[in-house]
Every structure is written in C-alpha cells, then in structure tokens.
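Trainee: Hi! I'm new to this one, could you walk me through it?
Mentor: Happy to, let's open it up.

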Amino acid sequence: MQTWSSIPVPRVPGEPRPLRLFDTATGEVRPTAPGDTARLYVCGITPYDATHLGHAATYLAFDLVHRVWLDNGHDVHYVQNVTDIDDPLLERAERDQDDWVVLAMRETALFREDMQALRVLPPRDYIGVVEAMPEVVEIVAKLLADGFAYRVDDPEYPDVYYAHNATGRFGYESNYDEQTMLRFFAERGGDPDRPGKRHPLDALLWRMKRPGEPAWPSELGEGRPGWHIECSAIAHNRLGMSFDVQGGGSDLIFPHHEYSAAHAEAQTGQHPFARHYVHAGMIGLDGEKMSKSRGNLVFVSKLRAQKVDPNAIRLALFAGHYRADRAWTSDLLSEAESRLDRWRQAADLQAGPSAVDTITRLRDHLGNDLDTPKALAAVDAWAAEALSTGGNDTHGPAQIRTAVDALLGIAL
Ligand code: ZN
C-alpha cells in the first residue's frame with residue numbers, strides 16, 4: 001500500500017543515548033540492542049472508522065522509538081499493516097450500506113492524512129492484508145502440514161485453527177493465566193465456544209467462505225484469514241524473526257500479540273518473534289476508555305478541522321507517559337497549546353541559555369523508556385530561563401529547535 005510522505009529529521013548536536021524500553025514479556029525495562037538496521041513492527045488499524053486519539057497516542061509513542069533509534073545512527077526498517085479485511089470492517093459496511101472496499105480505502109486514506117499531519121515518520125512497508133493474501137495462505141498451509149493447525153470438525157465450514165500451545169511456550173508474551181486469556185479472547189474477537197475446536201483458546205487461521213462474504217481462492221479452499229496470522233506473515237516476511245520491537249496498544253497484549261508470536265514461532269521453529277513487546281496505554285475520555293463500542297471518540301481529523309495545531313496534539317499526548325492509561329481533556333489540550341507557544345517564543349529569540357545540558361537531559365529521559373513528561377519538563381526549564389533571564393548563547397535557540405524537531409517530532 002501507499003504509505004505517507006516522510007519529513008526530514010535533522011541531526012542533533014551532542015551524544016545520543018541508547019534506548020531502553022519496557023518489555024511486556026519479561027516485565028522489565030531492558031536495553032534495545034538493534035543492529036545497523038533497527039527493525040520495528042507496529043500493528044496498524046482496521047480501517048472502519050477515523051483515527052481517534054487512542055490510535056494517535058500509540059503511533060506517536062512508536063514514532064519516538066523510531067526517532068531515538070535514528071538519533072543513535074540506526075537505519076530503521078519500520079513495517080505496519082492495515083487490517084483491510086476482518087469482521088468489524090464487514091459489520092460496519094453492512095450497517096452503513098457501504099462497500100467494504102470503499103470504506104477501507106476511505107478510512108485508510110484519512111489515517112495517512114492524520115499521521116502525516118501529526119508528523120509521524122512513515123513505515124517503509126505499509127501492507128494491507130488483502131495484498132499479503134498469498135503470504136498468509138503459505139504460512140497457514142505450512143502450519144497445517146506441520147501439525148500445528150487443524151480443520152474444525154464441521155463438514156460445512158471446515159475452518160482452519162491454530163492449536164494454541166503448539167510451541168509449548170504459549171503465554172510467554174502476555175504472562176496471563178488461562179482464565180484471563182479466556183476472558184480477553186472472548187472480548188477481543190476470539191471464539192472460545194466455536195463447536196468442533198479442540199480447545200477454547202485455539203485461534204482462527206483461515207475462515208472458509210460463507211454466503212455473502214468476500215473470499216479469496218487458495219490451496220486452503222476459498223476463504224479469508226483470521227486476525228493474528230496477518231501480522232505473523234507480514235512481519236516475518238519483511239523483518240525476519242527476533243526483530244527488535246513489536247508494538248501496539250495494551251489491548252493487543254492478548255490475544256493479538258500472543259498469537260502473532262506463536263504462529264510465527266511454530267511456523268519457523270525459532271524463538272522469539274520479537275525481542276521486545278511494547279504496549280502503549282489507553283486514552284480515556286470522561287473517565288472511560290475511548291473506544292468505538294462506547295462511542296466516546298475524539299478524532300484527530302475533527303481536531304484538525306477545528307484548526308488545532310497537530311504539534312499541540314503531540315505535546316498533549318506526550319504530557320503523560322506512553323504506558324499509562326490516561327484521560328484526554330480540553331485542559332490537557334489548552335495546556336499543550338500554551339506550552340507550544342512558550343517554546344516557540346523562546347526558540348525565536350536571537351540568543352538564549354546554552355542548549356547543551358537540556359539536550360542531554362532530553363536524550364536521557366527519552367532513552368529511559370520514553371519518559372516524555374520529564375523530557376518536556378527539561379525543555380520547559382530551558383524555555384522559562386530563555387524567556388525570563390535570557391542568555392547569550394546565539395546557538396541555543398536553534399539547537400533546541402533542532403532537538404525538539406528530531407527527537408520529539410515537534411515543529412517550533
Ligand atoms: Zn498486528
């Protein structure tokens with residue numbers, strides 16, 4: 001798929017700091033250790049609705065991962081998928097009497113516009129499931145042939161399921177117990193009660209064609225993929241195994257990331273799928289998680305239409321730590337707008353305090369599991385000094401502008 005346009009990332013003076021990130025699988029903050037090319041996969045949208053601030057918070061968190069690695073001199077191979085065929089998309093198209101292909105194309109185009117407006121660096125590979133269909137079929141066929149998958153006992157619709165514990169490591173990513181797994185599996189697209197399965201936690205790999213549903217011809221029979229297998233195929237075929245970071249919102253910890261990893265590990269016999277599993281917190285509104293089912297969404301495109309500066313949206317979301325569940329409020333946005341004004345006024349000065357220590361602190365905080373609240377506070381302190389007592393370093397303001405652009409993606 002067509003990705004969105006990139007923007008230049010300036011070089012920042014001084015010494016970069018390596019990136020440490022919290023890994024869900026081990027439960028600790030550990031150093032990332034990429035080679036020359038850092039490999040990042042972030043799960044993309046199901047394009048049946050516009051980008052809301054929960055999505056934005058997730059992609060902005062991983063944009064910082066991208067930027068810190070660039071600062072460290074790595075080339076970054078970033079892959080993102082689009083779930084452009086799945087039940088929620090078909091259900092929304094049916095409800096609105098829309099064509100599912102047109103709906104997916106329209107919402108994917110809007111997502112690209114939102115990401116570009118938010119100055120999110122684009123993935124190198126932006127891959128829709130529909131275009132990756134042969135890759136998905138190949139891996140499902142291999143899982144079947146190797147005995148890691150089976151057809152359900154249903155003569156009418158012999159769908160293919162993954163035997164959840166095929167690798168013997170199931171659960172290592174989420175660390176959830178079976179009761180918790182079963183609850184999230186039922187809540188998040190799984191089908192624990194499907195008759196004919198060998199175990200409630202076995203997950204759909206290939207759904208045989210039902211009347212009125214789109215389907216693709218394949219050696220598995222005409223049908224369409226389950227959800228998790230798409231990311232196994234798209235990630236593994238572009239990044240290999242043991243890539244650096246698998247990312248997404250915390251609602252993907254289970255089942256999605258557990259099964260994506262398990263499918264790929266069963267198919268290749270290699271472990272792990274990713275070296276870090278990194279998850280962003282949920283964004284709430286009025287005390288509730290922002291979600292489609294609750295209808296309490298704030299859309300990036302609506303804020304853009306109200307002429308809200310996308311840099312202020314970035315700053316508002318960076319005011320909290322990426323892993324924390326946090327609330328979106330109008331105060332949060334107005335505080336971010338004031339902060340952006342102060343930073344711009346300070347960066348526009350002819351001279352200011354030296355930027356060297358501030359840039360060091362900015363890098364230290366971002367390198368420490370993307371501690372954006374402290375990173376923002378470091379720039380606040382520089383701007384406050386610049387605007388009150390001034391300073392005589394004629395490079396200071398320009399260096400801050402460069403560092404904030406490269407490391408935080410904020411254009412002053
Ligand atoms: Zn995914």
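Mentor: One definition to start: two strands pair if DSSP finds at least two bridges between them. Also keep in mind that this is a predicted model.
Trainee: Okay! In which sense do strand S12 and S13 pair, and over how many bridges?
Mentor: Strand S12, residues 283–285, pairs with S13 in the antiparallel sense, over two bridges.
Trainee: Which residue in S13 is the bridge partner of Gly284?
Mentor: That's Lys289.
Trainee: And what's the strand order in that open sheet?
Mentor: The order is S13-S12-S14, three strands with mixed pairing. Strand S13 (288–289) and strand S14 (326–328) are the edge strands, each pairing on one side only.
Trainee: Switching topic: how many aromatic pairs are there?
Mentor: The count comes to 14 aromatic pairs. One of them is Phe111 with Tyr126: the ring centres are 6.5 Å apart and the planes are at 20 degrees, so the pair is stacked.
Trainee: Where do Phe111 and Tyr126 sit in the chain?
Mentor: Phe111 is in helix H3 (residues 100–117) and Tyr126 is in strand S5 (residues 125–128), so the pair links distant parts of the chain, 15 residues apart.
Trainee: Is Phe111 buried or exposed?
Mentor: Phe111 is buried, with a relative accessible area of 0%. Tyr126 is buried too, at 1%.
Trainee: Which residues do ring pairs link into a cluster?
Mentor: Phe170, Tyr176, Phe184, Phe185, Phe254 and Tyr259. Over the face of Phe184 lies Arg188, 3.9 Å from the ring centre.
Trainee: What about Arg198?
Mentor: Its charged end sits over the ring of Tyr150, 4.0 Å from the centre.

How values were computed. Residues numbered from 1 in each chain as written. Predicted model: local features only at pLDDT ≥ 70, side-chain atom pairs only at ≥ 80, totals over all residues. Heavy atoms only, no water. Phe/Tyr/Trp six-rings, centres within 6.5 Å; stacked < 30°, edge-to-face > 60°. Helix = DSSP H or I, 4+ residues; strand = E, 2+ residues; numbered from the N terminus. Buried < 20%, exposed > 50% of the residue type's maximum accessible area, 1.4 Å probe, protein only. Lys NZ or Arg CZ within 6 Å of the ring centre and 35° of its normal.
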